[in-house]
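Hello,

Here is the structure I promised to pass on. Please open it first, then read my notes below.

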Amino acid sequence: MKIRTTHLKEAVLHRPTLFIGAFLAAITLVFNNAFGGEPALKAHDYKMAGDAQYTRIVVRFDQKPEFRWFLLRDPSRLVVDLPLTEFSFDPLELRPRGLVAAVQYGAVDAERARLLFRAVGPFSVEKAEVMKNETSEGFRLILELRASSADDFDAALRASMLKPGAEEPGEGAPAIQDRFTVALDPGHGGADGGARGINGTIEKQITLLFALELARKLEETGRYRVVLTREDDRFLRLDERVRIAREKGADLFVSVHADAIAIRSVRGATVYTVSDKASDAEAAATAARENLSDEIAGKVPEEEQDEVEDILVDLIRRETHAFSIRFARTLIGKLSDTVQLVKNPHRYAGFRVLRAPDIPSVLLELGYLSNPEDEAQLRDPEWRAETMDAIVEAVGYFAKANGAAGG
């Protein structure tokens, strides 16, 4: 059940393409160092050719890569998951060509790497296979993309999300556009690095990694449509994050963060909702730190419209607030089985990023980077996976309770 009164047009997020290769190569090294992983593969000699109807991509590897691919929409993307890989590509070869508008690559965690291709529009995957090189050592991954209709892309997306051996969803499965839409907001980014852990973990990186992994888990269920406010190391004003969620028609907004304070013994996760009056001094201080994001990055927040004067918007805001509290309680209940929570884990304060009048919104602090145990957990793929499973359960319960087609 959607509580919004209207859906705005979808926003288009633009990324610089020539910078992406160099940036993600650096991110790969950062994640490899942070997670202690050793690349199992070496990828090199990236080639792409074709036009707006058909594009062929060839990536060469020193060993045979085990890979899995799936699709994402808004915008149309092809994701190729690999074992941890050392990438060595010529940035000039990554320039937009044919159906491909941008190429991204890098480490996902200590065991996996990812290639991501953003397309100019809907497409089908005609071929995705690995072949042994005939005249040299190594193997090559061949991807062939062909332009298609939006309906065909949505059908292919659903099929790509199915786990091996799973059955195709029945006739009652919700169409992509009717699915419960979850907006994930990785905190901070760009000039705003956020908190820093005692062992060097940077909040903007760990929140992005967590959000990307969580997005995949939600999409793989086949029941949700996921929107990310950012998919790379970019700065966004707090109001821009809210705008993206609204323009993408989000039914739920989850902002992902990791805190840090002077007292190292404090640890645990916290779920925040918005309120003009803070639940306690610590919640007020946390909101103040998060709200400084725009000023830290040298950006001046745009003046907000005074929507409270509109009685209809005010009524919607009140109903939304009730839904936010309901999801916060559900999330805490699911997290309590796997994650250590702070005392009184549901707190509230004046977070700007939670002020969408028509989208239930929470801010999840995964833990304290200032605490060595919490920081170690955030860097642990198994802990993140268990935490994400709890979040997926909470989203499912909330969506079903509100009559969503995807719940």
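Strand 4 and strand 7 run antiparallel and are joined by 7 bridges. In this pair, Leu78 stands opposite Phe117 of strand 7. Please keep in mind that this is a predicted model.

Strand 4 also pairs with strand 3. That pairing covers residues 68–72 of strand 3, is antiparallel, and has 5 bridges. Here Leu71 stands opposite Leu78 in strand 4. Strands 3 and 4 form a hairpin with 4 residues between them. In that hairpin, Asp74 takes a positive phi near 60°. Strand 4 itself, residues 77–83, is mostly covered, with 6 of its 7 residues buried.

Next, look at the loop between strand 6 (100–107) and strand 7 (112–119), where Glu111 lies. Is Glu111 buried or exposed? Its relative accessibility is 62%, so Glu111 counts as exposed. Which residues does Glu111 touch, leaving aside those up to four places away in sequence? They are Leu82, Pro83 and Leu84. Glu111 and Leu82 are 29 residues apart in sequence, yet their C-alpha atoms are 8.7 Å apart in space.

Arg60 has Arg140 in strand 9 as its bridge partner.

Last, the cores. In soluble globular proteins, nonpolar side chains tend to be buried together. The largest nonpolar core here has 42 residues. Leu184, Leu218, Phe327 and Val395 touch the most other members. Several elements supply at least two residues each, among them strand 10 (180–186), helix 3 (203–220) and helix 7 (311–335). Which helix gives the most to this core? Helix 9 does, with 9 residues.

Not counting residues up to four places away in sequence, Leu184 touches several residues, including Ala211, Leu214, Leu218 and Val254. A second, separate core has 29 residues, including Met48, Leu78, Leu141 and Leu157.

Best wishes

How values were computed:
Residues are numbered from 1 along each chain as its sequence is written. This is a predicted model: local features need pLDDT of at least 70, side-chain atom pairs count only at pLDDT 80 or more; totals for chains, interfaces and linings use all residues. Side-chain values use heavy atoms; hydrogens and water are left out. Two strands pair if DSSP finds at least two bridges between them. Buried means under 20% relative accessible area, exposed over 50%, partly exposed in between (1.4 Å probe, protein chains only). Contact means heavy atoms within 4.5 Å. A nonpolar core is a set of buried Ala, Val, Leu, Ile, Met, Phe, Trp, Tyr and Cys residues joined through side-chain atoms within 4.5 Å.
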